[in-house]
Amino acid sequence: MDSLSAEAGLSAAADLIAGAERLVVFTGAGMSAESGVPTFRDTLTGLWARYDAGELATPEAFERDPALVWGWYEWRRELVERVRPNAGHEAVARLDCTVVTQNVDDLHERAGSKKPIHLHGSLFAPRCSGCGKPADAPAVGGAGGEGPRTPPSCRFCQSLVRPGVVWFGETLPVAALEGAVEAAAGADVLITVGTSGVVYPAAEIPQVTAKRGGAVIQINPQPTPLDPFCAVNLRGPAAGVLPEIVR
């Protein structure tokens, strides 16, 4: 996209957002990657380089080796604690919008967004693997390091506490999915940021807005399967494009 068409795209996006009565921002891994959070598909490093992330993120993996899986998620959580929200997160927090995210970090909250809908759960909301009740999040700046760690036991039923994320083979939280679909269906404008558009059913959220007559604005460095549904496609990083639109 040349500079003239880029300016036209930014202007069109800004006009749509300014005129929206019901705005939704839908974010994926690319949003947090700009803060230094590795995307799920990134090559694992250090001790974790010997593992496949897709094989660790399953109920079967936790049942087989809970210390290994808990240790990996604690490593991820502690990594998130060390990074900061980027300019894209901060720009979203300045908008009067509903935030729906596929990310399991807390960067939207830390930037100031109120009650984002977490479609894939959160690293900061562990729950019991038996009774399902919420468990206390580990202390900030926990044990540190890489490797297996024994998960705590539930204070209600003594089953092991598990990460509060959605694993492969599990369904999305009903309340979160219903809230996201309702928000998307009622949106005048939906901004989709840093999502690949290939992880379903979450990838259908922008399509809900488009099919109901709302305008979809996409911010992503690369084309995605969502391109045909978008009124405006802006090629670039969220931390660069979003502040420009808000400005």
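The following questions and answers walk through a predicted model.

Trainee: What kind of model is this, and which pLDDT do local features need?
Mentor: This is a predicted model: side-chain atom pairs count only at pLDDT 80 or more, totals for chains, interfaces and linings use all residues, and local features need pLDDT of at least 70. Residues are numbered from 1 along each chain as its sequence is written, and side-chain values use heavy atoms, with hydrogens and water left out.

Trainee: In which order do the 6 strands of the open sheet stand?
Mentor: Strands here are DSSP runs of E with at least two residues, helices are runs of H or I with at least four, and both are numbered from the N terminus. Two strands pair if DSSP finds at least two bridges between them. The pairing in this sheet is parallel, and the order is β3-β2-β1-β6-β7-β8.

Trainee: Which strands are the edge strands?
Mentor: An edge strand pairs on one side only. That describes β3 (117-118) and β8 (232-234).

Trainee: What is the bridge partner of V189 in β7?
Mentor: Strand β7 covers residues 215-219 and runs parallel to β6. The two are joined by 5 bridges. For V189, the partner in β7 is A215.

Trainee: How many salt bridges are there?
Mentor: A salt bridge needs a side-chain nitrogen of Lys or Arg within 4 Å of a carboxyl oxygen of Asp or Glu. By this rule, the count is 10.

Trainee: How many residues apart in sequence are the parts that R22 and D188 tie together?
Mentor: R22 and D188 form a salt bridge, with their closest N and O atoms 3.1 Å apart. R22 lies in the loop between α1 (3-18) and β1 (23-27), and D188 in the loop between α8 (174-185) and β6 (189-193), so the pair ties together parts whose separation in sequence is 166 residues.

Trainee: Are R77 and E78 buried or exposed?
Mentor: Buried means under 20% relative accessible area, exposed over 50%, and partly exposed in between, with a 1.4 Å probe and protein chains only. R77 and E78 form a salt bridge, the closest N and O atoms being 3.8 Å apart. R77 has a relative accessibility of 1%. E78 has 5%, so R77 counts as buried, and E78 is also buried.

Trainee: How many aromatic pairs does the rule give?
Mentor: Rings of Phe, Tyr and Trp (its six-membered ring) pair if their centres lie within 6.5 Å. Planes under 30 degrees apart count as stacked, over 60 as edge-to-face and the rest as tilted. The count comes to 3.

Trainee: How many residues apart are F62 and W167?
Mentor: F62 and W167 form a tilted aromatic pair, 5.6 Å centre to centre with 35° between the planes. F62 sits in helix α4 (residues 59-64), and W167 in the loop between β5 (161-162) and α8. The pair links distant parts of the chain, and the separation is 105 residues.

Trainee: Why is the pair of Y73 and W167 tilted?
Mentor: Y73 is buried, and so is W167. Their ring centres are 6.3 Å apart and their planes stand at 55°, so the pair is tilted.

Trainee: Which residues form one aromatic cluster?
Mentor: Y73 lies in helix α5 (residues 66-82). It belongs to the cluster. The members are F62, W72, Y73 and W167.

Trainee: What volume does the largest cavity have?
Mentor: A cavity is a set of points on a 1 Å grid over the protein atoms alone where a 1.4 Å probe fits but cannot get out; lining residues have an atom within 4 Å of a point. Grid points are joined across faces, edges and corners, and a volume is the space filled by probe spheres set on the points. The count is 1 cavity of 30 Å³ or more. The largest cavity has a volume of about 50 Å³.

Trainee: How many charged residues are in the lining of the largest cavity?
Mentor: The lining residues are W70, Y73, E74, R77, L123, P126, P138 and P163. Ala, Val, Leu, Ile, Met, Phe, Trp, Tyr, Cys and Pro count as nonpolar, Asp, Glu, Lys and Arg as charged, and the others, Gly among them, as polar. The lining has 6 nonpolar residues, no polar ones, and a charged count of 2.

Conventions
1 Å grid on protein atoms, 1.4 Å probe; cavity = no way out; pocket = protein on both sides within 12 Å on 5 of 7 lines; lining within 4 Å.
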